[in-house]
Amino acid sequence: MIGIKIKELRIEKGITQNELSKNISFGQSTIVAWEKGIKKPTYEAIIALAKFFDVSADYLLGLSDN
C-alpha cells in the first residue's frame, strides 16, 4: 500500500526514482524496493517522504485520504 502511494506521489511530482532518492537521502535501490513492496520504509523514511511530498504520514500509511 505505501509503495503504491510513494510511486503515485513521485509520478504526480514528475520526478524519477533517482531524483527522489537524492532529495530524501535514501538509495535508489531502496526507493525501488519500497515501490515494489519488497521493503517497507522506516519511520525516518516515512517522515522524509511526508515532508518532501507535503503530505501526512497518515496519508502515506493509508490511514487518511488527504
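**Figure 1. The helices of the chain.** Helices (H or I, at least four residues) and strands (E, at least two) are DSSP runs, numbered from the N terminus. Read in order, the chain runs α-α-α-α-α. It has five helices and zero strands. This is a predicted model: local features need pLDDT of at least 70, side-chain atom pairs count only at pLDDT 80 or more, and totals for chains, interfaces and linings use all residues. Residues are numbered from 1 along each chain as its sequence is written, and side-chain values use heavy atoms, with hydrogens and water left out.

**Figure 2. The chain as a whole.** What radius of gyration does the chain have? The chain has 10 Å; a compact globule of 66 residues would have a value near 11 Å, so the two agree. The radius is taken over C-alpha atoms, and the globule rule is 2.2 Å times the number of residues to the power 0.38. The C-alpha atoms fill a box of roughly 25 × 25 × 20 Å along the principal axes. Of the 66 residues, 36% count as buried. Buried means under 20% relative accessible area, exposed over 50%, and partly exposed in between (1.4 Å probe, protein chains only).

**Figure 3. The pair Phe52 and Phe53.** The structure holds two aromatic pairs. In one of them, the ring centres of Phe52 and Phe53 lie 5.1 Å apart and the planes meet at 75°, so this pair is edge-to-face. Rings of Phe, Tyr and Trp (its six-membered ring) pair if their centres lie within 6.5 Å; planes under 30 degrees apart count as stacked, over 60 as edge-to-face and the rest as tilted. Is Phe53 buried or exposed? Phe53 counts as buried, at 10% relative accessibility.

**Figure 4. Ser64 after helix H5.** Ser64 sits in the segment that follows helix H5 (57–60). Its relative accessible area is 18%, so Ser64 is buried. Which residues does Ser64 touch, not counting those up to four places away in sequence? They are Asp58 and Tyr59. Contact means heavy atoms within 4.5 Å.

**Figure 5. Lys39 in a loop.** Lys39 belongs to the loop between helix H3 (28–36) and helix H4 (43–53). At 49% relative accessibility, Lys39 counts as partly exposed. Neighbours within four places in sequence aside, Lys39 is in contact with Ala33 and Trp34. How far apart are Lys39 and Gly3 in space, C-alpha to C-alpha? The distance is 8.7 Å, while in sequence Lys39 and Gly3 are 36 residues apart.
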